[in-house]
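Subject: Structure handover

Hello,

Here is the structure for you to look over. My notes follow below it.

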Amino acid sequence: MKRNPIFSETRWRLAAWYTLVMSSILGLSGLGVYTVVAHTYYETIDQGLQSVAKALHKSIEPAWQQPGHLQELAKELSLELCINPTNCLPKTTIIQKPIEEAGNQVNYYIRLLDSSEKIFASTGIQLDNLQITLSSQRWQIVTDSFGVRYRQITLPLYTQNQISGYLQVARSITDLDQHLAYLRLTLILGLPFSLIFVALSSWWLAERAMQPVYSSYQQMQQFTADAAHEFRTPLAAMYSTIEAAIKLQPEPKSNNGTLDVLKRQNHRLSQLVGDLLLLTRIDQKQITSEYQPCCLNDLISDLIEELAFLAVENQVNLSGEMQVTKKVYVQGNEEQLYRLISNLIINAIQATPSGGKVIIFLEDSELYALIKIQDTGIGIALEHQQRIFDRFYRVDRDRSRSSGGSGLGLAIALAIAQAHKGNIHVQSQSGLGSTFTIRLPL
C-alpha cells in the first residue's frame, strides 16, 4: 500500500480527516467539561452565599429599623459599627469557626451600607482593600488591591417600605480560581498528547480500513496483468493467420476489405493489451530498476523527426524549441520516457485542425527539466481537465474511436511521469489550444 501513490494519499487523507474530527470532538468536550465544572463551582458558592445572606438579612432588617437594637445585634454578630471609617477594622468573622474546623482558608466579609452607600458596619477582611461596589447589582465579583477576587451578594434593607440600606456578604473565590487553573492546565497539556494518540490511531485504522480495498485492487491488477499476458499469444496467432490469408487468397480484391478490418482491429486489441501490461508494470514498480541517464534533447529531436509524417498527414506544423544551452539529462527508462512524450505529441497533433501548430519546448530550472507540448487545437473544457488522466476516459468518444484511441494514452503518460518522480500539468481553454507541461527531476 505504501508503494502505491493513490492508496498512500488516500490513507493520509483518511488519517488527517479522522484526526481533525476527533480533535474537534475532544476540544469541544474539554470546553464543555470546563464550562460545566466552572458553572457548578459558581452555583455552589452562590447557593452558600445566598443562604448566609438571607439568614443575616432576616436577623438584621428588624434591628435596622430600630437603631437602638442595632448596637446589640452588632455585638452578637461581631459587627463593628463604622461611625468613623478610620476606626472600622475587622476583628473576627461570622463564620470563622466552621471555616477553621474545615481547614479551608476562605475569607468572608459582611458589610452594612446606609442609603448613601457608605459603610455603616462591617466584619471580615480589611475594608481599605476593597472598593465600594454598586448596590443596584445583586451579584458581583469584586477584586481587592492584591488581586484577590470575591463573590458578593447585595440585599436591600427596608424601613417603612423604602430602601434605607444594604447588606453585602462576600466570599473569596481564590480556591475556585486555583481549581479552575489546574483544570485548564490539565486540559491544555492533555490535549496535545491526546492528539498524538489520535493521529497514530487514525493512521493505523486507515490502513486497516483500506486493507480489504487494497487487496481487491491487487487482485484486479493481477487479473488484468494475467489476462493481458494470456491474450498476447492468441492475438499474435490471429495476426499471423490474417497476414497469411491476405497473401494466399486467390482473388485479393474479393475479401481484401474484410481482412484489412480484421487486421486493424487485431492491431488495436494488441496495442490495448500492451498498454494494460505497461500500466501494470508501472503500478508494480517493475521499471524502476531499468533507470539510466537519458538525454532529453536527443529524445525530443528523434520524436519530432519520427512523428513528422503524422503531422504532415494531418496538415499540422510540428516544430521544437530547445531553450537550453546544454544537454539536459534525467534518470529514467528511455523507452518509457519516449512513450510519455510521444503520447502527448500524438494527442496534440490529432487535436489540432489543419493549418495549426504543435511546438515542443525544452526548458530547465534548478532542479527540474520542463517539457512543454503546446498546440493550437480545439482545447479541453474545464470540466474535463480533472478527468482526462483517468483510465479509459475520453472527452470526444466518437473522435477517439475513429482514431483508434482507447482512453489510456494520457493515463499511461501520467503513470510514467509519476514513476519518474515527476508530474504533468495541463493548461487549456476551449477553442484556444492546450499546453501540457511535463516536469521531471534532473
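Buried means under 20% relative accessible area, exposed means over 50%, and partly exposed lies in between (1.4 Å probe, protein chains only). This is a predicted model: local features need pLDDT of at least 70, side-chain atom pairs count only at pLDDT 80 or more, and totals for chains, interfaces and linings use all residues. Residues are numbered from 1 along each chain as its sequence is written, and side-chain values use heavy atoms, with hydrogens and water left out.

Overall picture

The chain has 11 helices and 13 strands. Both are DSSP runs numbered from the N terminus: helices are H or I with at least four residues, strands are E with at least two. Of the 442 residues, 39% are buried. The chain exposes about 26,200 Å², and carbon and sulfur atoms supply 56% of that. Those areas come from the Shrake-Rupley method with a 1.4 Å probe; for residues, only the protein chains shown count as cover. Take the contacts (heavy atoms within 4.5 Å) between residues at least 6 apart in sequence: 65% of them join residues at least 24 apart.

Salt bridges

There are 7 salt bridges in the structure. The criterion is a side-chain nitrogen of Lys or Arg within 4 Å of a carboxyl oxygen of Asp or Glu.

- Arg11 pairs with Glu207, with the closest N and O atoms 3.0 Å apart. Arg11 is in helix 1 and Glu207 in helix 4 (residues 174-248), so the bridge ties together parts 196 residues apart in sequence. Arg11 is buried at 4% relative accessible area. Glu207 is partly exposed at 28%.
- Arg151 pairs with Asp46, and here the closest N and O atoms are 2.9 Å apart. Arg151 sits in strand 5 (residues 149-159) and Asp46 in helix 1, so this bridge ties together parts 105 residues apart in sequence. Arg151 and Asp46 are both buried.
- Asp177 pairs with Arg149, the closest N and O atoms being 2.7 Å apart. This links Asp177 in helix 4 to Arg149 in strand 5, 28 residues apart. Asp177 is partly exposed, at 25% relative accessible area. Arg149 is partly exposed, also at 25%.

Helix 6 and Asn297

Which residues of helix 6 are buried? They are Leu296, Asn297, Leu299, Ile300, Leu303 and Ile304. These lie on the same side of helix 6, because they cover an arc of only 165 degrees around the axis. The arc is taken from the directions from the helix axis to the C-beta atoms.

Asn297 lies in helix 6 (residues 296-306). Its relative accessibility is 9%. A polar atom of the Asn297 side chain lies 2.7 Å from the backbone nitrogen of Val328. A polar contact is a pair of N or O atoms within 3.5 Å; within protein, one must be able to donate a hydrogen and the other to accept it, and residues adjacent in sequence count only if both atoms are side-chain atoms. Beyond its neighbours within four places in sequence, Asn297 touches residues including Met322, Val324 and Leu362.

Helix 8 (residues 334-351) has 18 residues, which should span 26 Å at 1.5 Å a residue; its end C-alpha atoms are 26 Å apart, which agrees. The expected span is 1.5 Å times one less than the number of residues. At the start of helix 8, a side-chain oxygen of Asn333 comes within 3.0 Å of the backbone nitrogen of Glu335.

Ser29 is in helix 1 (residues 5-64). The Ser29 side chain reaches the backbone oxygen of Ile25 at 2.7 Å. Ser29 is partly exposed, at 39%.

Best wishes
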